[in-house]
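Please look through the following model before reading the description.

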Amino acid sequence: MTFFEQFTPIQQALIGTLFTYSVTALGAALVFFFKSINKTVLNGMLGFAAGVMIAASFWSLLAPGIAMAEELGQVAWMTASIGFLLGGGFLYAVDKLLPHLHLGLDTSQAEGVKTTWQRSVLLVLAITLHNIPEGLAVGVAFGAAASGSISGATVAGAIALAIGIGLQNFPEGAAVSIPLRREGFSRTKAFIYGQASGIVEPIAGVLGAMAVIYIRPILPYALAFAAGAMIYVVIEELIPEAQREEGGSKTDVATIGAMIGFSVMMILDVALG
């Protein structure tokens, strides 16, 4: 912990999000060993990711954001609500504007503005959308810890968040590359696209840390914003996909996965934060 504290908050955010990105790449590398993934297993993995993100949204983002809003003399419930809804609204807008395609769908079912981009690009963009709020959350957490004015926002807590996001990025990486392999991509190409979806996390992390460090009054809003963006992804993408039955898959595994994921993230945050 002491070793990590020698770096600036922006460097910490970069290191933390490079870790989460590397775990995404590690998960994507499973494509070199498996050509397909059982839908029931995938449901459990997606459920786990959803549970981690839900727990992180409260323990690592909303709770410290509300505490800081109170310390700054803001109306805490209003600050949290505005930031949370803006985060979800941002992801909603990006979802409607950025061309992307979800796995398993025909190119004609691509969302966002109409484009002639290749199917592979559209598929990667769909997953990239999920990683923006994750990187942002880690960056904002390190920025909040740097303020030194919130008891619940510590470097240890930010590290716990990065570890939690990293844990759920492993199955997410596999959930991208292996289905791409099933769609006819070569193993190498499926891996490249799978890991590429996580590159946005270090970018979002550094930008998030810079924003809250240099514009401190927005910190409570930024924490709630990151939480809202993450919850949007969970409700709009992860849970529906995890609950989609296919070939006799069991959706209760997704529920169990979500419970385990929530517990793991809660333990990490409470024990390390």
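This is a predicted model: local features need pLDDT of at least 70, side-chain atom pairs count only at pLDDT 80 or more; totals for chains, interfaces and linings use all residues.

Residues are numbered from 1 along each chain as its sequence is written, and side-chain values use heavy atoms, with hydrogens and water left out.

The protein has nine helices and zero strands, where helices (H or I, at least four residues) and strands (E, at least two) are DSSP runs numbered from the N terminus. Along the sequence the pattern is therefore written α-α-α-α-α-α-α-α-α. The C-alpha trace spans about 55 × 35 × 35 Å along the principal axes. The radius of gyration, taken over C-alpha atoms, is compared with a globule rule of 2.2 Å times the number of residues to the power 0.38. For 273 residues a compact globule would have a value near 19 Å, and the 18 Å of the protein agrees with this. Of the 273 residues, 52% are buried, meaning under 20% relative accessible area; exposed means over 50%, and partly exposed lies in between (1.4 Å probe, protein chains only). Contact means heavy atoms within 4.5 Å. Among contacts between residues at least 6 apart in sequence, 81% join residues at least 24 apart.

Two packed helices are described by the angle between their axes and the distance between the axes. The axes are lines fitted to C-alpha atoms, for helices over the stretch in contact, and the angles run from 0 to 180 degrees between N-to-C directions. Angles under 35 degrees count as roughly parallel, over 145 as roughly antiparallel, 65 to 115 as roughly perpendicular and the rest as oblique.

Helix α1 (residues 9-28) packs against helix α5 (residues 155-182) at about 25 degrees, with the axes 6 Å apart. That angle makes α1 roughly parallel to α5. Residues that meet here include Gly16, Phe19 and Val23 in α1 and Ile163, Gly166 and Phe170 in α5. By class the contact has 10 nonpolar, nine polar and no charged residues; Ala, Val, Leu, Ile, Met, Phe, Trp, Tyr, Cys and Pro count as nonpolar, Asp, Glu, Lys and Arg as charged, and the others, Gly among them, as polar.

Helix α1 also has a contact with helix α6 (residues 187-196), where the axes come within 8 Å and cross at roughly 155 degrees. This makes α1 roughly antiparallel to α6. Tyr21, Thr24, Ala25 and Ala28 in α1 meet Phe191, Gly194 and Gln195 in α6. Four of these residues are nonpolar, three are polar and none is charged.

Helix α3 (residues 76-97) and helix α8 (residues 219-242) pack at about 50 degrees, with their axes 6 Å apart. They are therefore oblique to each other. Among the residues in contact are Phe84, Leu91 and Asp95 in α3 and Tyr221, Ile231 and Glu236 in α8. The contact divides into 16 nonpolar, five polar and three charged residues.

Two single residues remain. Aspartate 269 lies in helix α9 (residues 252-272) and counts as buried because its relative accessibility is 10%. Leaving aside residues up to four places away in sequence, aspartate 269 touches Trp59, Ser60, Gly157 and Ala160. Valine 121, in helix α4 (residues 119-147), counts as partly exposed at 33% relative accessibility. Its C-alpha atom is separated by 46 Å from that of glycine 73, 48 residues apart along the chain.
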